[in-house]
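Please read this report alongside the sequence and the coordinates.

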Amino acid sequence: MKRTIIILFIFISTASAYSQFTYGPRFGFGATTIENVNGGFGVHAGVFINAEIFDRFGVQPEIIYNFQTGSDEQDAAGTTIDIDYKHQTIDVPILVFFPLSDHLRVLVGPMLSTISSATREVDGEEDDTYNPEANAGFAVGIETDTFSRLRFGARYRKAGTSSIEVTASYTLDW
């Protein structure tokens, strides 16, 4: 056990010594799918920390607030029922990134999504029995940094709900 702790300490110290840290805000919008029904609109905002361990390869944990909507229509005994969904989640992806070229990189990794608020309205009446749970999932995307500190990207995320997002972030040095 002692040997494992020493090796882990040396690895973290070495990685930290060679790492370049950046951080900043991230925001975006996208198309969402809730409960496998028709897509809706979603927006998100949060922060990231980017630790480049080797040449443009590293890890990027984030904390993101999401607001997502969705709607569905179901036929029941000849009557159309309208169902509207609204979710507010806190997502924590831990992404690994690696370069495709000088200004293009791929991000992929696991994600935990916790529900801070969720409602389902059936024909305008709130459904009190609706209580979705926190979910584990993944995120995968591509990002470009051709505008100096400003980055643009696209992502697919899946953790209970799913979305295709367009993102923007601004990088600050540590």
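## Basis

This is a predicted model, in which local features need pLDDT of at least 70, side-chain atom pairs count only at pLDDT 80 or more, and totals for chains, interfaces and linings use all residues. Residues are numbered from 1 along each chain as its sequence is written, and side-chain values use heavy atoms, with hydrogens and water left out.

## Fold and surface

The protein has one helix and 10 strands; these are DSSP runs numbered from the N terminus (helices H or I, at least four residues; strands E, at least two). The order from the N terminus is α-β-β-β-β-β-β-β-β-β-β.

Of 174 residues, 33% are buried, meaning under 20% relative accessible area with a 1.4 Å probe and protein chains only. The protein exposes about 10200 Å², of which carbon and sulfur atoms supply 62% (Shrake-Rupley method, 1.4 Å probe).

## Largest pocket

The lining of the largest pocket comprises 20 residues, with N50, E52, R105, D145 and R151 nearest its centre. A pocket here is an open set of points on a 1 Å grid over the protein atoms alone, where a 1.4 Å probe fits, with protein on both sides within 12 Å along at least five of seven lines; lining residues have an atom within 4 Å of a point.

At least two lining residues come from each of β1 (20-33), β2 (40-54), β4 (79-101), β5 (104-122) and β7.

## Residue E133

E133 sits in the loop between β6 (125-126) and β7 (135-147). T114 is 19 residues from E133 in sequence, and their C-alpha atoms are 7.3 Å apart.

Terms used: Buried means under 20% relative accessible area, exposed over 50%, partly exposed in between (1.4 Å probe, protein chains only).
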